[in-house]
Amino acid sequence: MIRIAQRQFPQSVLDQLTQDRDRLVSLIRENLPPRFLGMFPQPSFGSDGEIVWLSEMSGQPRQFEDLPAKQAAQVLAGVEQRFAAIHSVILQRKADGVLSQEQAEQLCLILNTVPKEALLVVGEEPVVLYWSSALPESMAALTLLPLAPLVASPPSSPQPKGDQGKRSVAVWFWWFTGLLALLLLLFLLWWFFCPMSCRNQPEPPVPEPEPVEHIVAPEPEPEPEPEPEPEPEPEPEPEPEPEPESEPEPVPVKPEPKPVPKPEPKPAPKPKPVTITNAKEFCPEERPRDLVPQLVIVFDTSGSMKLNIGTLSHEEKQYYDAVWRMNSFSGLLGQQDIHYINHMEREPRRISVAKTAVSDLVRELPRDMSVGLVTARTCPRADVRGFFDMGFRNALLGQIQGLQPEGGTPLADAISRAGDMLDGRGRESTILVVTDGVESCNGDPCAVARRLAATKPHLKINVVDIGSSGGGTCLATATGGQVFTANSVSSLKLGIDRATQNVQVPAHCR
């Protein structure tokens with residue numbers, strides 16, 4: 001945890017802040033992505049008697065009031081968007097009976113009374129330190145953030161749209177009829193009484209024809225008599241022409257080469273717009289953050305994952321028979337069964353190969369992508385390990401390396417929880433399922449996949465099936481994804497690479 005701020009407040013303020021934050025964190029952890037938790041750091045008393053706030057985010061903290069106008073507007077819009085999401089959860093939990101009216105009003109009061117001085121920006125993320133409702137009355141007179149007020153009760157239902165439409169059509173009909181009548185009355189008044197109308201204009205006078213003058217053609221003048229032609233003079237004798245001098249032969253002149261025109265430069269192509277479907281074709285710095293594809297990894301950590309990667313289906317059945325005999329007879333097994341169990345659990349095991357391949361995938365993912373992790377470990381519920389952005393990739397790798405095989409396979413609950421973490425509507429989203437078995441906790445993963453396909457059209461489920469169990473085929477079929485079987489180290493690595501092609505950026509971006 002990193003210390004990001006400190007303030008001089010009494011002990012009572014710390015108690016109230018801690019109580020309010022615990023309510024908010026409990027509500028956010030159960031219903032919203034983990035990035036919302038970073039907005040409310042942990043307050044505690046420092047050694048010098050001041051309240052200090054601790055956070056896992058890295059970066060230089062900056063006051064909201066010190067930001068440039070454009071960046072401040074962006075941060076304020078992000079805070080308002082997240083507060084609106086929290087407010088929607090408050091109203092939903094109140095409607096479900098989880099929160100009372102008083103509890104909902106107290107939570108909304110926290111969101112409505114955040115002062116400007118209490119808002120920081122760490123890296124690119126907003127952080128809220130305290131709120132005026134937790135301060136004494138003598139300290140609560142602060143300038144609040146200009147956010148839309150949030151109430152604990154939804155607004156009253158509006159008038160039915162059908163009645164409004166009928167009333168609007170009737171009003172416009174009578175206005176249009178009155179306007180036509182007024183225009184007709186003005187036209188009649190102008191036509192009959194205005195001196196400038198066409199009806200009252202005098203007719204133009206008809207011009208009288210001008211008299212035609214008779215022109216007498218002049219008499220032709222007599223032609224003059226022709227003069228006598230003079231007698232021709234005798235032609236002089238021609239003088240002898242001098243012989244022409246020989247002229248030198250002209251030297252041929254080589255034509256100058258014509259200049260080769262330079263080719264005109266082609267106009268630069270217009271940049272291709274970034275959309276939901278082609279965002280994966282752009283480098284991280286070329287695409288907006290709200291279109292970056294999302295990925296959640298569902299990792300099967302059931303007990304069968306301790307088997308060797310090359311185990312076949314009939315060998316797996318014999319293995320479970322030996323384990324059943326061991327559990328039924330209090331560990332009294334023959335040397336042959338013990339040897340067989342140890343042989344089936346030898347390295348490379350399924351869990352070891354899967355952890356290595358998934359860790360390699362995490363290291364190669366684009367730097368602007370967040371990755372979620374859900375483990376299917378013990379009935380009846382799966383474990384949500386969180387959503388990790390680029391700054392917390394090492395924490396995600398540590399979670400993966402710490403996985404151990406045990407228990408059953410709550411595959412349906414794992415798929416449902418992974419789908420709730422993803423958008424699937426405004427951006428491409430992928431669930432990568434790494435499993436070696438089928439649902440063993442009485443769930444219906446196929447029904448969950450069909451529900452996600454109906455509500456999130458841009459979500460796909462790709463399955464890496466270890467041992468060819470066939471348990472994830474319906475998941476991929478329902479969402480337009482693919483299934484990749486794996487029975488060796490190389491095929492498992494190849495299957496994970498191919499299952500995540502739609503979230504990787506082009507090779508020139510790396």
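## Reading a predicted fold

The protein's accessible surface is about 32,700 Å², with 57% of it belonging to carbon and sulfur atoms (Shrake-Rupley method, 1.4 Å probe; for residues, only the protein chains shown count as cover).

User: Before we start, what kind of model is this?

Analyst: It's a predicted model, where local features need pLDDT of at least 70, side-chain atom pairs count only at pLDDT 80 or more, and totals for chains, interfaces and linings use all residues. Residues are numbered from 1 along each chain as its sequence is written, and side-chain values use heavy atoms, with hydrogens and water left out.

User: How many helices and strands does the protein have?

Analyst: Helices (H or I, at least four residues) and strands (E, at least two) are DSSP runs, numbered from the N terminus. Here there are 12 helices and 12 strands.

User: And how do I read burial? How much of the protein counts as buried?

Analyst: Buried means under 20% relative accessible area, exposed over 50%, and partly exposed in between, with a 1.4 Å probe and protein chains only. Of the 510 residues, 37% are buried. Helix α9 (residues 411-421) is mostly covered, with 10 of its 11 residues buried; among them are Asp-413, Arg-417 and Met-421.

User: At what angle do α1 and α3 pack?

Analyst: Axes are lines fitted to C-alpha atoms, for helices over the stretch in contact, and angles run from 0 to 180 degrees between N-to-C directions. Under 35 degrees is roughly parallel, over 145 roughly antiparallel, 65 to 115 roughly perpendicular, and the rest oblique. Helix α1 (residues 11-31) and helix α3 (residues 101-112) pack at about 100°, with axes 11 Å apart, so they're roughly perpendicular.

User: Which residues meet there?

Analyst: Contact means heavy atoms within 4.5 Å. Asp-20, Arg-23, Leu-24 and Leu-27 of α1 meet Gln-106, Leu-107 and Ile-110 of α3.

User: Where does Ala-279 lie?

Analyst: Ala-279 is in the loop between α4 (161-193) and β7, and counts as buried at 0% relative accessibility. Ala-279 and Glu-428 are 149 residues apart in sequence but 8.4 Å apart in space, C-alpha to C-alpha.
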